[in-house]
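Please read the points below alongside the sequence and the coordinates.

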Amino acid sequence: MKKIRNLSLLVSAVAISMITFNHAQAQNARAGIKGGLNLSNLYVNEADDDKARIGWHAGFYGQLFSSEAFAIQPEVNFSTKGTGVTRIDNNSARYESNFNLNYIDIPVLMVFKLGEVAEIHAGAYWAYLLSAEIRNNDRNPDNEFTTQDRDNFDDWDYGLVGGIGFNLGEGAQLGVRYNYGLNEIADSRGARRVFGNSKNQVAQLYLAFN
């Protein structure tokens, strides 16, 4: 029932975003597609070293209540998150594990327009976890990381978003953003032992087209 309720909320959020998207088009405001590079990380308690996961995001956006100085911009994006970790055992053997988390992200942003040159974006996002995958370079049955799957993570994530976009002309924009998660992703005792109070942190480079 919990997953059904969560899925219903996600569908409702997407529907609202679609309505605002259509409303933005009706107002002859900016609307289009966007996508780009993700660089995400988590802090893992059991790791000797960690590294960022290189991934991607893609989706669409619209602007409503748009003026020469301000707009509200809702988006719906598919976004990869997670991290990679390295463990070193007593025999100095190295073991690599990659935690791959995939979300539907729904940011709602305030857009402050700096003339026709650039825009400052600030707001919040909420996200729904679609899948979680752990990849290991070893087959050690005692590797606790292999026991982590989607059921160990919270279905929902939320946080703050900030960034800047530079208008390139011809309806294109190049920008950077940082997504700072506020929700602890672990949702089971085992996951909390591995991830502690880890939260999603994602830097993004994107290209958008009207």
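1. On exposure, a residue is called buried under 20% relative accessible area, exposed over 50% and partly exposed in between, with a 1.4 Å probe and protein chains only. By that scale E170 is exposed, since its relative accessible area is 85%. The model is predicted, so local features need pLDDT of at least 70 and side-chain atom pairs count only at pLDDT 80 or more, while totals for chains, interfaces and linings use all residues. Residues are numbered from 1 along each chain as its sequence is written, and side-chain values use heavy atoms, with hydrogens and water left out.

2. For the overall fold, helices (H or I, at least four residues) and strands (E, at least two) are DSSP runs, numbered from the N terminus. The chain comes to two helices and eight strands, and its order along the sequence is α-β-β-β-β-β-β-β-α-β. Of the 210 residues in the chain, 46% are buried.

3. Two strand pairings deserve attention, where strands pair if DSSP finds at least two bridges between them. β6 (156–169) and β7 (172–181) run antiparallel and are joined by ten bridges, with G162 standing opposite Y178 in β7. Nine bridges then join β7 to β8, again in an antiparallel arrangement, and here Y178 stands opposite A203 in β8.

4. Another is F65, whose phi is near 50 degrees. F65 is placed in the loop between β2 (49–62) and β3, and F65 counts as exposed because its relative accessibility is 52%.

5. Grid points are joined across faces, edges and corners, and a volume is the space filled by probe spheres set on the points. The structure holds three cavities of 30 Å³ or more, and the largest cavity contains about 50 Å³ of space. Its lining includes R30, K34, E75, E119, H121, R177 and Y206, and β3 (70–88), β5 (118–136), β7 and β8 (201–209) each supply at least two lining residues. With Ala, Val, Leu, Ile, Met, Phe, Trp, Tyr, Cys and Pro taken as nonpolar, Asp, Glu, Lys and Arg as charged, and the others, Gly among them, as polar, this lining divides into three nonpolar, four polar and five charged residues.

6. A pocket, by contrast, is an open set with protein on both sides within 12 Å along at least five of seven lines. The largest pocket has a volume of about 280 Å³ and is lined by 20 residues, of which R30, E119, N167, G171 and N210 lie nearest its centre. β6, β7 and β8 each supply at least two residues of this lining, which by class has five nonpolar, ten polar and five charged residues.

7. Rings of Phe, Tyr and Trp (its six-membered ring) pair if their centres lie within 6.5 Å; planes under 30 degrees apart count as stacked, over 60 as edge-to-face and the rest as tilted. The structure holds three aromatic pairs. One of them joins W56 and F78, which are tilted, at 5.0 Å centre to centre and with 40 degrees between the planes. This pair links distant parts of the chain, W56 in strand β2 and F78 in strand β3, 22 residues apart. W56 counts as partly exposed because its relative accessibility is 44%, and F78 is partly exposed at 23%.

8. A charge sits over a ring if NZ of Lys or CZ of Arg is within 6 Å of the ring centre and within 35 degrees of the ring normal. The charged end of K34 sits over the ring of Y206, 4.5 Å from its centre, and K81 lies over the face of Y103, at 4.6 Å from the ring centre. The C-alpha atoms of Y103 and Y128 are separated by 5.4 Å, although these residues are 25 apart along the chain. Y128 is placed in strand β5 and counts as buried, at 6% relative accessibility.

Note on methods. On a 1 Å grid over the protein atoms alone, a cavity is a set of points where a 1.4 Å probe fits but cannot get out, and a pocket is an open set with protein on both sides within 12 Å along at least five of seven lines; lining residues have an atom within 4 Å of a point.
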